[in-house]
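Biologist: I'd like to learn how to read a fold from its coordinates. Could we go through one together?

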Amino acid sequence: MCCLFGFLDYKNRISGAQKRKLLQNLLLFSEERGTDAAGIAYAVNGNLKLYKRPIPAGKLKFHLPSYVSAVMGHARMATQGDASYNNNNHPWIGRCGNTPFAFAHNGVICNDKEIRKREHLPETNIATDSYVMVQALEKQKVFSTDSIRSISEMAEGTLCFTLMDSENNIYIVKGNNPIEIRHFEKLGLYVYASTKEILNKALSMTKLRKEKQTSIVIEKGEILKMSINGKTERCFFSTSKLDGVDWDSVWTQRYFLPWKKETYQEDYIKLLVDYAGNIGVSEEEIWLLLDCGCTEEEIEELLSCPSLFYSVLEDVLERYYIF
């Protein structure tokens, strides 16, 4: 569970002080989803720049130049790749064809090793699973929504990607992880964060709370391009590989069926609980998924990707709050 956040000021009506205040609040409230590291990407004269540190986002001290039009940020909860080694942290900068791009990810890529082998991607000192997506995109001939679609369809696990090119266009790839986007049309401003709660808190601490805003809906399987000219473009990608399990179907078919504890494989559950405790997952969280219809085998698969486990658990709480 990490946090993506950022903004695009396409009419240049926002002062440098306002943008710095907005970024400061986005950084601060993004900590709710991860405190291991934080970073931002932005463009200067057609060149992408990074500033990231292995510290909580709220402690990231950075003076944003007033002329910067777009910022793409990330607050990290590390699942793979030691956050103390800064190269493991998001965002990263890559190059596809002649176009430099920045990339950040919320989620877990469970098949990163398979992608690396299949696509003949070079080994790297970056241990984070997400980085394989940067390398896969660099293999594409042209940076475009088509090339972004291509790499998005390679991934198994959980994802929401954000990308930015050197012309200040921002791309949001909505998989099975959340994202909330607001448009201040009068001001010429887009702002986004991983959750509605984080975005609302960040905006409430600025003068933007008084401005008219609309939510931009983006569905699972959509790629949204927010251009520096203010226009948006959309395309779609296949999400058939995400999760590996049709959880909607599982919950629909099983959740409302009578539950009998004695039908569970008690020895198997004990092993799951013991293993889960070693990676920070509580017995109560295991039983919550069992109560909602997940099988022992499905939970074992989820525990191999803790971020995927918590993504599914979060969805369970939202859909079937039973307490």
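Modeller: Gladly! This is a predicted model, where local features need pLDDT of at least 70, side-chain atom pairs count only at pLDDT 80 or more, and totals for chains, interfaces and linings use all residues. Residues are numbered from 1 along each chain as its sequence is written, and side-chain values use heavy atoms, with hydrogens and water left out.

Biologist: Then let me start with a strand: how many residues of strand β8 (residues 170–174) are buried?

Modeller: Buried means under 20% relative accessible area, with exposed over 50% and partly exposed in between (1.4 Å probe, protein chains only). For β8, five of the five residues are buried, so the strand is largely enclosed by the rest of the structure. I170, I172 and K174 point one way, Y171 and V173 the other way. Helices (H or I, at least four residues) and strands (E, at least two) are DSSP runs, numbered from the N terminus.

Biologist: Which strand does β8 join over five bridges to β12 or β7, and in what sense?

Modeller: Strands of a sheet pair through backbone hydrogen bonds, either parallel or antiparallel. Two strands count as paired if DSSP finds at least two bridges between them. Here β7 (residues 157–165) pairs with β8 in the antiparallel sense over five bridges, and five bridges also join β8 to β12 (residues 222–226), again antiparallel. I172 is the bridge partner of T162 and stands opposite L224 in β12. The hairpin of β7 and β8 has four residues between the strands, and N168 in its turn has a positive phi of about 75 degrees.

Biologist: In what order do the seven strands of the open sheet run?

Modeller: The order is β3-β2-β4-β1-β10-β9-β11, with antiparallel pairing. β3 (47–53) and β11 (214–216) each have a single partner strand, so one side of each is left without a neighbour in the sheet.

Biologist: And at what angle do helices α1 and α5 pack?

Modeller: Two packed helices are described by the angle between their axes and the distance between the axes. Axes are lines fitted to C-alpha atoms, for helices over the stretch in contact, and angles run from 0 to 180 degrees between N-to-C directions. Helix α1 (residues 16–30) and helix α5 (residues 196–204) pack at about 140 degrees, with axes 8 Å apart. That makes α1 oblique to α5; under 35 degrees counts as roughly parallel, over 145 as roughly antiparallel, 65 to 115 as roughly perpendicular and the rest as oblique.
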